[in-house]
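Please keep the structure open while reading.

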Amino acid sequence: MARASGRAALVTGAARGIGAAIAERLSPRAPRVSLADVLDTESAALAERLGDGASFVHLDVTDRAQWAEAVAQASAPLGRLDTLVNNAGIVNVGSVDEYSYEQWEHVINVNFKARHWTSPAMASALIQCTLVRC
């Protein structure tokens, strides 16, 4: 966590569970923590509880266009974004005979394919950070 000091961070899946715990640990160390999730109410409440250095950004990690907007919103306050915690993930529990293809595809999209959308959205932010040695 010491490496988080002075860094602007974006945490996906930050509304609850592991993502919320990560945001809570980063918050006192990082000047800016953006909580990204589809659970707007829970994320906004956590951001409010964490204080001025935290904000909420709506992000469906499976939507490529939303990645670009989330990165832009998260980087705006400090003019940079130099840490990504790509935590978002889901699980659907059910018996094999009742588990639909759509359920399986949604899990694959959130847990695996969404990681690909991270690259183009974060590349310029992380390259800028590297060049100025954030």
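In which helix does Ser-43 lie? Ser-43 lies in helix H2, in a predicted model whose local features need pLDDT of at least 70 and whose side-chain atom pairs count only at pLDDT 80 or more, while totals for chains, interfaces and linings use all residues. Residues are numbered from 1 along each chain as its sequence is written, and side-chain values use heavy atoms, with hydrogens and water left out.

**Overall architecture**

- The chain has four helices and four strands, where helices (H or I, at least four residues) and strands (E, at least two) are DSSP runs numbered from the N terminus.
- Read from the N terminus on, the elements follow the order β-α-β-α-β-α-β-α.
- Of the 134 residues of the chain, 35% count as buried, buried being under 20% relative accessible area, exposed over 50% and partly exposed in between, with a 1.4 Å probe and protein chains only.
- Among contacts (heavy atoms within 4.5 Å) between residues at least 6 apart in sequence, 54% join residues at least 24 apart.

**Helix H2 and Ser-43**

- The buried residues of H2, which spans residues 40-50, are Ser-43, Leu-46 and Ala-47; seen down the axis of H2, they fall within an arc of 100°, so they line one face of the helix, the arc being that of the directions from the helix axis to the C-beta atoms.
- Thr-41, Glu-48 and Arg-49 are exposed on the other side of H2.
- The cover over the buried residues of H2 includes helix H1 (17-26), strand E2 (32-37) and strand E3 (54-58).
- Ser-43 counts as buried because its relative accessibility is 0%, and, leaving aside neighbours within four places in sequence, Ser-43 is in contact with Ala-15, Leu-35, Asp-37 and Phe-56.
- Just after H2, Gly-51 takes a positive phi of about 100°.

**Helix H1**

- In H1, the residues Gly-19, Ala-20, Ala-23 and Leu-26 are buried; viewed down the axis of H1, these buried residues fall within an arc of 130°, so they line one face of the helix.
- On the other side of H1, Gly-17 and Ile-18 are exposed.
- Strand E1 (8-12), E2, H2 and strand E4 (83-85) are what the buried residues of H1 pack against.

**How H1 meets H2**

- The axes of H1 and H2 come within 11 Å and cross at roughly 20°, with axes taken as lines fitted to C-alpha atoms, for helices over the stretch in contact, and angles running from 0 to 180 degrees between N-to-C directions.
- That crossing angle makes H1 roughly parallel to H2, given that angles under 35 degrees count as roughly parallel, over 145 as roughly antiparallel, 65 to 115 as roughly perpendicular and the rest as oblique.
- Ala-20, Ala-23 and Glu-24 in H1 meet Leu-46, Arg-49 and Leu-50 in H2.
- The residues of this contact of H1 with H2 divide into four nonpolar, no polar and two charged, where Ala, Val, Leu, Ile, Met, Phe, Trp, Tyr, Cys and Pro count as nonpolar, Asp, Glu, Lys and Arg as charged, and the others, Gly among them, as polar.

**Asn-109 in helix H4**

- Asn-109 lies in helix H4, residues 101-131, and is partly exposed, with a relative accessible area of 22%.
- Asn-109 and Val-61 are 48 residues apart in sequence and 8.5 Å apart in space, C-alpha to C-alpha.
- Not counting residues up to four places away in sequence, Asn-109 touches Thr-62 and Ala-114.
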